[in-house]
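Please look over the sequence and structure shown here.

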Amino acid sequence: MILVVKKTGQTLKRDDAVIVFLAEQGRAEIKKSLPTELSYIEKRLNLAFFKGKQSELMFLPFADQPTIILCGIGKKGEIDAESLRRSAAAAIALCRDRFIDHVNITVPVIPSLDGGRVLICLAEGTYLANYGFDKYKTKSNDNGKPLLRSAAFLTNVKNAASILKRVEIISRNTLLCRDLINETSEKSDSRGIAREAKALGKIPGVTCTIYGKKEIEKMKMGLLLAVNKGSARPPQLVVLKYQGGRPGKKFLALVGKGITFDSGGMNLKPSGHIEDMRTDMAGAAAVMYALKTAAELKLPRNLYAVLPLTDNMLSNESYRPGDVFTAYNGTTVEIGNTDAEGRLILADAIAFTEKRLKPDSIIDMATLTGACLTTFGELVAGYVTTDDGMGALLENAGAATGELIWRLPLFKDYEENVKSDIADICNVPAERNAGTIMGGIFLKNFVKTKRWTHIDIASTARATKQRGYRPKNATGFGVRLLVEAVTNWKD
Ligand code: BES
Ligand code: ZN
Ligand code: ZN
């Protein structure tokens, strides 16, 4: 989708469509808030029937004037970034229902919000709502809602063009992230994702290194290899590097769980829990597209994205409960449950990242525990951190982007729950409770870096229904959160 600026005062054509955002307000104010080229709305309509409640819609196909889509944005004092994104998403859904492929969008003046911010949020809601994954539909009339090709924002806001360019880059990558997650595990397998990563090496400032099975064996990443044992496909370890900051500046490493299909292994997942497990690489996808976005935005930061990739399959060769494997850092790990595979591949990837890349800070992102979904529902991700400042930075980034995260504690007393009778630690806790915290505590055994945050996106990476600009299935959660955090990073 293309986002462009149109200065207000330009004439609109009769067959144009225009989304007009209106707050809950009196008729006189509505008159004032309309651009002159749209003043006919106020004259020709009985606006008593339109209240302006958030996401309230009215479709007005005039025969002799541009078609109008009125969209409410709620009470002036209650409008915020997220409500604007949602209102835009509601209007875009209507446009798609009506087969509109290009739309003009008015940018309302909201006293409590900066004009640039209003434009950003409306553009984000517009772009992110304009998504579908229908490449496997063969009948065009069964393809769901068609997509818009472009949107023109009627605004005199300063720097509108560069604001829209930024939104376009971030949102486009969020949609690409959704695509990679929604893609089948046949195609989005370890080598398929590594291939996508390799292509990012063409972006200025980005380099991509891919380690195959032989190199992973040579490096003795025993936990990634253990999870891969049952698979017909080789594991891959992808290291993306983006150097946008001055030389000598510190690196932030992003590590993402890349389980391309999680069958559970010998602890096989039952029906009802296995169907969507192709999305278990959402952490890897999010960190990859966050790095790509940072590079395309030319952010002055130094970043790594590390992706351990494999599926977790069931075969004669599979790893088994009761087995013991040695991690990259020498720790021995008892396998209590083959379905707790995410923490295994992350443990090796984090230890590798520390030893070989020596970053200043680490953020890992993973669809790690079903408990996270039980705790938070589909709208909030859980996190644990060893650094309050880092936690605050990420939480603020979450609030700004609408990708909310909520902190859980790393209680010291729970550390003994990962102890094993036969090895250094076990991949499932002795007690089954506090699942998300225990995932974090397991990983902490592999972290020496002072600043570390683990974000469990098992709750938010995939949605069971569409909500506003967040579609059903892969949401792309994490890309916008990480890009915002990296933008505000103080290195
Ligand atoms: N990939 C799953 C977690 C998951 C569950 C993600 C539901 C998204 C939705 C993970 O590998 C897993 O199976 N975790 C186990 C851990 C347990 C065995 C300690 C879980 O949550 O049950
Ligand atoms: Zn699992
Ligand atoms: Zn998993």
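The residues lining the second largest pocket divide into nine nonpolar, seven polar and six charged; here Ala, Val, Leu, Ile, Met, Phe, Trp, Tyr, Cys and Pro count as nonpolar, Asp, Glu, Lys and Arg as charged, and the others, Gly among them, as polar. This is a predicted model, in which local features need pLDDT of at least 70 and side-chain atom pairs count only at pLDDT 80 or more, while totals for chains, interfaces and linings use all residues. Residues are numbered from 1 along each chain as its sequence is written, chains are lettered from A and ligands numbered from 1 in the order in which they are written, and side-chain values use heavy atoms, with hydrogens and water left out.

A pocket is an open set of points on a 1 Å grid over the protein atoms alone, where a 1.4 Å probe fits, with protein on both sides within 12 Å along at least five of seven lines; lining residues have an atom within 4 Å of a point. The second largest pocket has a volume of about 520 Å³, where volume is the space filled by probe spheres set on the points, which are joined across faces, edges and corners. Of its 22 lining residues, R96, Y131, G132, F133 and P471 are the closest to its centre. Helix α3 gives the largest share of this lining, four residues; helices (H or I, at least four residues) and strands (E, at least two) are DSSP runs, numbered from the N terminus.

Strand β18, residues 451-456, contains H454. H454 counts as buried because its relative accessibility is 1%; buried means under 20% relative accessible area, exposed over 50%, and partly exposed in between (1.4 Å probe, protein chains only). The side chains of H454 and D364 are joined by a polar contact of 2.6 Å, that is, a pair of N or O atoms within 3.5 Å; within protein, one must be able to donate a hydrogen and the other to accept it, and residues adjacent in sequence count only if both atoms are side-chain atoms.

The whole structure holds 27 salt bridges, each a side-chain nitrogen of Lys or Arg within 4 Å of a carboxyl oxygen of Asp or Glu. One of them pairs R85 with E124 at 2.7 Å, N to O. R85 is in helix α3 and E124 in helix α4, so this pair ties together parts that are 39 residues apart in sequence. E124 also forms a salt bridge with R480, at 3.8 Å between the closest N and O atoms. Both R480 and E124 are buried.
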